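Good morning, and thank you for joining this group meeting. Please look at the structure on the screen while I take you through it.

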Amino acid sequence: MATIEKVGNKYRIRKWYKKKLYMLSLDRKPTKSEAEQLIWSIIEKGPEIGIHEDFEHVAGDYIKSKDAVISPTTQRGYKSIIRNMPESFKIKPISSISAKDIQLCVNEYSKHHSAKSVRNLNGFITAVMRSVNPNFSNTSTLPQKVQTEFYVPEDEDIQRILDHSVGTRYEIPLKLAACGFRRSEICALTAADLSDDNIITVNKAKVQDDNGRWHIKTVKTVQSARKFKISDELAELIRKKDGYIYEGSPGQINEYLQATQKKLGIKKFSLHKMRHYFASTAREVMPDSYVEKLGGWKAGSDIMKKVYDYQKKKQTDEAQNAMLERLKKIGI
């Protein structure tokens, strides 16, 4: 017997037949006999027709099916993509979506979103389509990636910010950020995560779901789970805490950092850039593979190449400025 359920302002008919799920959406509630008749009209057309549900509902089912294996942040991102994609694409029956439809969706989305967001949209569409058709292939043309500036804060700026934070509730979070910890990892840490020999075990993160609620979850990747030895001074600060080492909204750490930068006249940079600082500083005293492991990056990630390129450019700029100063002395 077919099942009928209300989804939003529509009614969905579902039926499993020979290990294959068939679905159909209606704007009105059908009778049980009518629902059975309608779904059989779909089944009898043959398996090549597949699912006749619209993209939005199939995408919702896809997200639900991944509930146990994706983070709340990823779920929130998926739902944001659905909300912001063109309405004309969302209501299309998934069995009738063509390569042209996807390209038009990508084109429209790119008018108001970054190249990275468009790529996320395209990847999500591909995943949803493959959930009902494993052989689906997406050949959409995407906008070119925009090269953003890779910035590494200076030692002096980091030191001034850390000195300013002494005695505040942001002292520990900022010092851990300079050690390469992610904000989500910092906010999930407790005093119990610190061992007697000053080693912090990183195995969880504080993340937000699509309803704005915060949750403590395991870290997103295998590489993110790691152990990190900290100084005696920082360890003593953490041991004075009872429970979480930082109590407050994760966003308030960023707000404090920006306010401090403004007050001290320091170039504005995000909390995440302190991970760049850690990578740049650490690679001066240890192999890249060790830096990746301590920072929770996967082996062969782009981070070390970006740090190398940044340092090379900085050295080149300094050499050119030194040369200009020398030429000025002889009147050139």
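What covers the buried residues of α12? Before I answer, a word on the source: this is a predicted model, in which local features need pLDDT of at least 70 and side-chain atom pairs count only at pLDDT 80 or more, while totals for chains, interfaces and linings use all residues. Residues are numbered from 1 along each chain as its sequence is written, and side-chain values use heavy atoms, with hydrogens and water left out.

The cover of the buried residues of α12 includes α7 (155-165), α8 (171-178), β7 (226-229), α13 and α14. The contacts here are heavy atoms within 4.5 Å. Helices (H or I, at least four residues) and strands (E, at least two) are DSSP runs, numbered from the N terminus. In α12, eight of its 10 residues are buried, among them R275, H276 and F278. Buried means under 20% relative accessible area, exposed over 50%, and partly exposed in between, with a 1.4 Å probe and protein chains only.

Let me turn to helix α13, residues 288-295, where E292 has its place. E292 is buried yet has no salt bridge; the nearest side chain of opposite charge, R283, is 9.2 Å away. For charge, Lys and Arg count as positive and Asp and Glu as negative, with His and the chain ends not counted. A salt bridge is a side-chain nitrogen of Lys or Arg within 4 Å of a carboxyl oxygen of Asp or Glu. Leaving aside residues up to four places away in sequence, E292 touches W297, K298, A299, G300, S301 and M304.

D61 lies in helix α2 and R14 in strand β2 (residues 10-17), so the pair ties together parts that are 47 residues apart in sequence. E5, R12, R14 and D61 are linked in a network of salt bridges. Elsewhere, R213 forms a salt bridge with D209, the closest N and O atoms being 3.5 Å apart; R213 is partly exposed at 47%, whereas D209 is buried at 8%.

Next, the pockets. On a 1 Å grid over the protein atoms alone, a pocket is an open set of points where a 1.4 Å probe fits, with protein on both sides within 12 Å along at least five of seven lines; lining residues have an atom within 4 Å of a point. Grid points are joined across faces, edges and corners, and a volume is the space filled by probe spheres set on the points.

The largest pocket has a volume of about 2,100 Å³. Of its 46 lining residues, K116, R182, H272, W297 and K306 are the closest to its centre. Elements that each supply at least two lining residues include α12 (273-282) and α14 (302-329).

The second largest pocket holds about 320 Å³ of space. Of the 15 residues that line the second largest pocket, E56, G60, I63, K79 and I82 are the closest to its centre. Which element gives the largest share of that lining? The answer is α2, with six residues.

That concludes my presentation.
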